[in-house]
Amino acid sequence: MKTSLVACALGVGAVLAAPTKRAITDTDILQYALTLEHLENNFYSTYLGQFSQSDFAAAGFPDWVRNRIEQIAAHEAQHVALLSGALGSAATQPCSYKFPVTDVMSFVGLATVVENVGVSAYLGAAASIMDKEYVTVAGSILTTEARHQAWINSAVLKDAAWSGPEDTALDFDEVYSIASAFITGCPSSNPTLPVKAFPALTIGSDGTVTTTADTSNAYVQVIAGLTTDTFPVTNGMVQGMPQPQGISYAVLTSQQNSTLVSDDNILAGPAILHNPFVSQDSNPAPSF
Ligand SMILES: *[C@@H]1O[C@H](CO)[C@@H](O)[C@H](O)[C@H]1NC(C)=O
């Protein structure tokens with residue numbers, strides 16, 4: 001199994017962190033969703049603008065790849081329009097962004113991660129939505145983002161279309177932490193959301209933990225679908241770290257009991273763990 005751990009957390013926090021926490025409302029959730037859709041919309045429009053059909057061809061992709069990514073970009077623009085329409089004058093405006101994209105391959109690779117985080121965000125927010133009609137709207141976006149991710153991962157990259165038996169829900173602070181790594185500034189008129197960003201976390205393929213947070217007496221919680229577990233960190237190294245198939249997440253926490261890990265004891269992260277497995281291979285044995 002090819003293993004690469006993608007850490008998407010740089011310069012976290014300053015831009016998005018709110019000073020206090022309050023109960024999250026449906027308006028907050030729509031603004032939070034729109035924050036993510038603006039990010040996705042900018043991501044696709046920026047790099048489709050930068051990389052031409054011949055750039056895609058030079059990277060080894062047939063014409064239909066860029067053509068279909070244009071359709072994904074149009075979907076994201078439609079999600080922005082849908083949520084902006086629902087919010088009216090309370091609509092969050094786009095921020096400015098930076099993405100670790102240097103070529104067509106890193107654009108396509110990051111697209112799978114961006115779509116996956118979108119799925120995890122909508123899934124994690126679902127239980128907090130009060131108005132049932134919004135649950136349907138959010139669900140209809142969630143399943144579409146999951147199909148985007150599956151198509152990029154399987155048809156384009158020839159990896160598997162799914163990770164495990166369940167997708168992974170992430171909470172507001174976890175998603176915000178990932179998103180804020182890509183955001184360099186937002187209009188001051190944007191609404192302040194009751195969410196915070198944790199410090200960045202990177203976990204190397206050898207288990208090395210890199211973060212500004214204190215790793216003494218800390219654990220890494222791996223989150224893969226509905227399965228979670230914690231692993232102790234000793235001298236800056238995670239002990240017994242599993243490598244779940246596909247995309248999963250990990251946070252640094254002071255809590256050993258995985259059931260009790262929450263925003264109150266998360267110290268850093270999430271790190272995005274990416275263990276793609278090749279479509280044509282026989283099924284790998286689950287490692288978590
Ligand atoms: C973890 O926390 C849960 C919820 O409080 C509790 O039921 C469970 O017994 C704890 N597990 C351990 C190993 O302490």
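Buried means under 20% relative accessible area, exposed over 50%, and partly exposed in between (1.4 Å probe, protein chains only). This is a predicted model, in which local features need pLDDT of at least 70 and side-chain atom pairs count only at pLDDT 80 or more, while totals for chains, interfaces and linings use all residues. Residues are numbered from 1 along each chain as its sequence is written, and side-chain values use heavy atoms, with hydrogens and water left out.

**Gln-221**

Gln-221 is buried, with a relative accessible area of 5%. Gln-221 is part of strand S6 (residues 219-224); strands (E, at least two residues) and helices (H or I, at least four) are DSSP runs numbered from the N terminus. The side chain of Gln-221 makes a polar contact of 2.9 Å with that of Ser-258. A polar contact is a pair of N or O atoms within 3.5 Å; within protein, one must be able to donate a hydrogen and the other to accept it, and residues adjacent in sequence count only if both atoms are side-chain atoms. Beyond its neighbours within four places in sequence, Gln-221 is in contact with residues including Tyr-249, Val-251 and Val-261, where contact means heavy atoms within 4.5 Å.

**The salt bridge**

The structure holds one salt bridge, defined as a side-chain nitrogen of Lys or Arg within 4 Å of a carboxyl oxygen of Asp or Glu. Glu-70 forms a salt bridge with Arg-66, and the closest N and O atoms are 2.7 Å apart. Glu-70 and Arg-66 are four residues apart in helix H3 (residues 63-87), so about one helical turn separates them.

| Residue | Relative accessible area | Class |
|---|---|---|
| Glu-70 | 38% | partly exposed |
| Arg-66 | 11% | buried |

**Domains and interface**

An automatic or database domain assignment gives the bounds: domain 1 is 4-14 + 21-185 and domain 2 is 201-275. Their C-alpha centres lie 23 Å apart. In domain 1, 22 residues are in contact with 23 residues of domain 2. The two domains bury about 1,900 Å² between them, 55% of it on carbon and sulfur atoms; buried area is the accessible area (1.4 Å probe) that two parts lose on being put together, summed over both. Across this interface the rule finds zero salt bridges and four residue pairs in polar contact (both at pLDDT 80 or more). On the side of domain 1 that touches domain 2, the largest share, five residues, comes from H4.

Helix H4 (residues 104-126) is mostly covered, with 17 of its 23 residues buried.
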